[in-house]
Amino acid sequence: MTQQLLHGKLAKYYDRLYSYRDYLDEAIRIQNLIIKYSPKEPTSILDVACGTGLHLKHLKDDFQCTGVDISKDMLKIARKNAKGITFKQVDMKKLKLKKKFDVITCLLSSIGYSNTLGNLNKTIKNFYNHLTKEGIVLIEPSHAKSFYVSGKPNITIYDGNDAKITRINISKTKPTTTQLTMHIVVAEKGKEAKYFVDNHKLGLFGIKDTLKTMRNAGFKSKFLANGLMTGRELLVGIKR
Ligand SMILES: C[S@@+](CC[C@H](N)C(=O)[O-])C[C@H]1O[C@@H](n2cnc3c(N)ncnc32)[C@H](O)[C@@H]1O
């Protein structure tokens, strides 16, 4: 189902490439925002495009947690990272679960994988339909210009004893999409170094468009410039 190498055949390197992130700190900030914006006391969370499950790992003691992702390889790792949580392989554009949740999260640039404004509409409507009354959604938008500057390379390095991994990202940005090429080199101890080229197509949805889409779906929505303090913004929607 997934076409991205980093979320597929290279998923086992994902957590090492993102080891500079502090998922515990992000989870605490998520919880504080939930407390601040939720009109009721929430008990359940659905993390959409949950990846390797590291946010849920830190939220599972306080909430009933469920994670969905399109990639079975990411979910395989999530099941090891966050034991006891239900994980399902689902495309967010076609989200259809038999349960509703008090909180839905969709973090990092994951919402961008809905690609088109039409699919963003469907996805946000799906979020709305999977929330209980007064439930809230937290979305990190994918438009962040600082992350997708056309032609400006970004580098991430993992420098462990077990392996050295580098990833150079280069975006070719159009007004509403970006073609993100990842050049990934993996050198594991005792093995030949391997080089991969991984192409990701993401929709770049402006804040205004995303807020409008959220309002059209029925949410009362808010824009938080500093979000989870990771350099990304955050959109909060409250189901009316
Ligand atoms: C950049 S990762 C973010 C993972 C996680 N939320 C985090 O913060 O580490 C993007 C995730 O979106 C997932 N994804 C891509 N397209 C998707 C879709 N249509 N439906 C659900 N998940 C999707 C990928 O498999 C990947 O795990």
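## Basis of the model

Residues are numbered from 1 along each chain as its sequence is written. In this predicted model, local features need pLDDT of at least 70 and side-chain atom pairs count only at pLDDT 80 or more, while totals for chains, interfaces and linings use all residues.

## Domains

The protein is divided into domain 1 (11–143 + 206–239) and domain 2 (154–203), with bounds from an automatic or database domain assignment. Their C-alpha centres lie 24 Å apart. Contact (C-beta atoms, placed from the backbone, within 7 Å) involves 12 residues of domain 1 and 10 residues of domain 2.

## The sheet and its helices

An open sheet of mixed pairing is formed by 7 strands, in the order β3-β2-β1-β4-β5-β11-β10. Strands (E, at least two residues) and helices (H or I, at least four) are DSSP runs, numbered from the N terminus; two strands pair if DSSP finds at least two bridges between them. At the edges stand β3 (86–89) and β10 (219–224), each with a single partner strand, so one side of each has no neighbour in the sheet.

Strands β4 (residues 101–106) and β5 (residues 131–139) run parallel and are joined by 5 bridges; Phe101 has Leu131 as its bridge partner in β5. Helix α2 (residues 23–37) packs on the sheet, touching β4, β5 and β11 (234–239). Helix α5 (residues 117–129) also packs there, touching β4, β5, β10 and β11.

Conventions
Two residues are in contact if their C-beta atoms, placed from the backbone, lie within 7 Å. Axes are lines fitted to C-alpha atoms, for helices over the stretch in contact, and angles run from 0 to 180 degrees between N-to-C directions.
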